[in-house]
Amino acid sequence: MNKKSKIILEHNSYVLAISYNDYRESIGGTDKVILSQKEKLYKNKISYLFIFPQVIRIKKKYVLVHMWEVIGDGRSFGIFSTEEIIEELQELSKEKCFYSISIHHLLNIYFKDLYRILDCFPVPVFFLIHDYYSICPQCFLLKNAKEFCGIDGYREEKCKTCYCYPKVEKHQKQMLDFLKRYEDKLSILVPSKSAKEIWTYNYPKWKEKVEIIPHVLIEGIYLENRKPIDERIRIAFVGQQIYLKGWEVWKRVQKQCKEENGIDYYYFGHIKERLLNTNSIEVNFQREGRNAMLKALRENKIQVAILWSICPETFSFTYYECFAAGVFVITNQNSGNIEAMVRENKNGIVLRDERELRRFLSNAKLLKEKIMDWVERDYNCPEILRENDVLFENRFLDQEKFKIKDFHIEEKRIENRQQKEFMVLIKKSMIFFYKWIKKWAVKLFY
């Protein structure tokens, strides 16, 4: 393989990260972690090589083409086959130190291709749990994508009436095979105690390998939002306007409560839909920085946040941003780490259901009393949210440096090179055409 690498990295060492989409274009919690990891490592002169799958399926079931899109230090390098990825990693590692592999998500990833990469490079592998895809293909544990179905994974009696039923057993077997195959070099990282409890309930054998590393740490005390509420209460729905975050619930509740005296309504996040009598404020961490939401909540002096996730959150950046803004949080008993943190920090209330939420918000006087009771007795909101350097630095860098002599590619993989290169070219063309069709379909129909 005496050729020059097509991927150019700026620093003399690097990590490889894998997820399901382009972290530069999305606004979810997983993307926020990946972006932070990339920036933190880059500041420490560690390059960040990121790959995510480009897949074409037949009937959403059969994989026709599986390729990888490559981003190095924030720069796109195009579409690569698995074999090309392996060859590029080999070339890079002749001159650069390959520290580790971070797997952020396994959605849309063809396991045989992933195994080929992992088997070639004897570096530590970090498996980060951002949601519960490793338990069920419905990664939010919502039966028929509608209601929370419990923390346990596959059970025929529970799953047979769900649209995921035909594939959930096979999915869980794949995950078990993955965990067993790389048991010796795999570290499993979860961001909260709540996430660890759910994940290890389904995979008890790996309990000792699971480490809790929160995405942020809290420091100091924020005192600016402790003043008595003399006039109207400022309530905000915070987060994405999607079903699983409780947006549909909030629309119904807010519609019935909108005439209630003493309450002003706000929305903070990416605005897809505007509600009557609601002041909607666009917030995007990709454009405005990781603390954009915290800054917006503080500047607008929000006193109450609705965080109504209908499925268990593994972490919830939004909760911590509300906590650090001195905001009283209203959530429900199925919201995972949000519920756990509200109970631990005593900075809100956990309700049972939509009916209880509606009843609670219909009494502005009672709500005001609850807020002021918290402010006067249990207020302990942090001044600063700081990135957890353990996640971004030490756990990924304090490793033995592996040399190129440790890497292996079987000879059969480079046989019939011309024929294979032609097939790769065909697949790349299909991916480009598929992406072009999707792009124009979105422009025409949405």
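Mentor: By class, 14 nonpolar, seven polar and four charged residues make up the lining of the second largest pocket. The model is predicted: local features need pLDDT of at least 70, side-chain atom pairs count only at pLDDT 80 or more, and totals for chains, interfaces and linings use all residues. Residues are numbered from 1 along each chain as its sequence is written, and side-chain values use heavy atoms, leaving out hydrogens and water.

Trainee: What makes a space a pocket or a cavity, and how much space lies in the second largest pocket?

Mentor: On a 1 Å grid over the protein atoms alone, a pocket is an open set of points with protein on both sides within 12 Å along at least five of seven lines, a cavity is a set where a 1.4 Å probe fits but cannot get out, and lining residues have an atom within 4 Å of a point. Points join across faces, edges and corners, and volume is the space filled by probe spheres set on them. The second largest pocket has about 440 Å³. Closest to its centre among the 25 lining residues are Lys193, Ser194, Asn337, Ala340 and Met341. Two or more residues each come from α6 (193–202), β11 (216–219), α10 (317–324) and α11 (337–345); these are DSSP runs numbered from the N terminus (helices: H or I, at least four residues; strands: E, at least two). With six residues, α11 gives the largest share.

Trainee: Which residues lie nearest the centre of the largest cavity, and which classes do they fall in?

Mentor: Cys136, Cys149, Lys158, Cys159 and Cys162 lie nearest. Cys counts as nonpolar (with Ala, Val, Leu, Ile, Met, Phe, Trp, Tyr and Pro) and Lys as charged (with Asp, Glu and Arg), while the others, Gly among them, are polar. At least two lining residues each come from β7 (142–143), α4 (156–159) and α5 (165–181). In total there are four cavities of 30 Å³ or more.

Trainee: Why is the pair of Phe237 and Tyr267 called stacked?

Mentor: Rings of Phe, Tyr and Trp (its six-membered ring) pair if their centres lie within 6.5 Å; planes under 30 degrees apart are stacked, over 60 edge-to-face and the rest tilted. The model has 24 such aromatic pairs. Phe50 and Phe52 are 6.0 Å apart centre to centre with 35 degrees between the planes, hence tilted. Phe237 and Tyr267 are at 6.3 Å and 25 degrees, hence stacked. Phe237 is in strand β12 (residues 233–238) and Tyr267 in strand β13 (residues 263–269), so the pair ties together parts 30 residues apart in sequence.

Trainee: How do you know whether Phe237 and Tyr267 are buried or exposed?

Mentor: Buried means under 20% relative accessible area, exposed over 50%, and partly exposed in between (1.4 Å probe, protein chains only). Phe237 has 0% and Tyr267 has 1%, so both are buried. Thr200, in helix α6, has 9% and is therefore buried too.

Trainee: Why is helix α3 called largely enclosed?

Mentor: Seven of its 10 residues (111–120) are buried, so the rest of the structure largely encloses α3. The buried ones are Phe111, Asp113, Leu114, Tyr115, Ile117, Leu118 and Cys120. Ring pairs link Phe111 and Tyr115 with Phe127, Phe178 and Tyr182 in a cluster.
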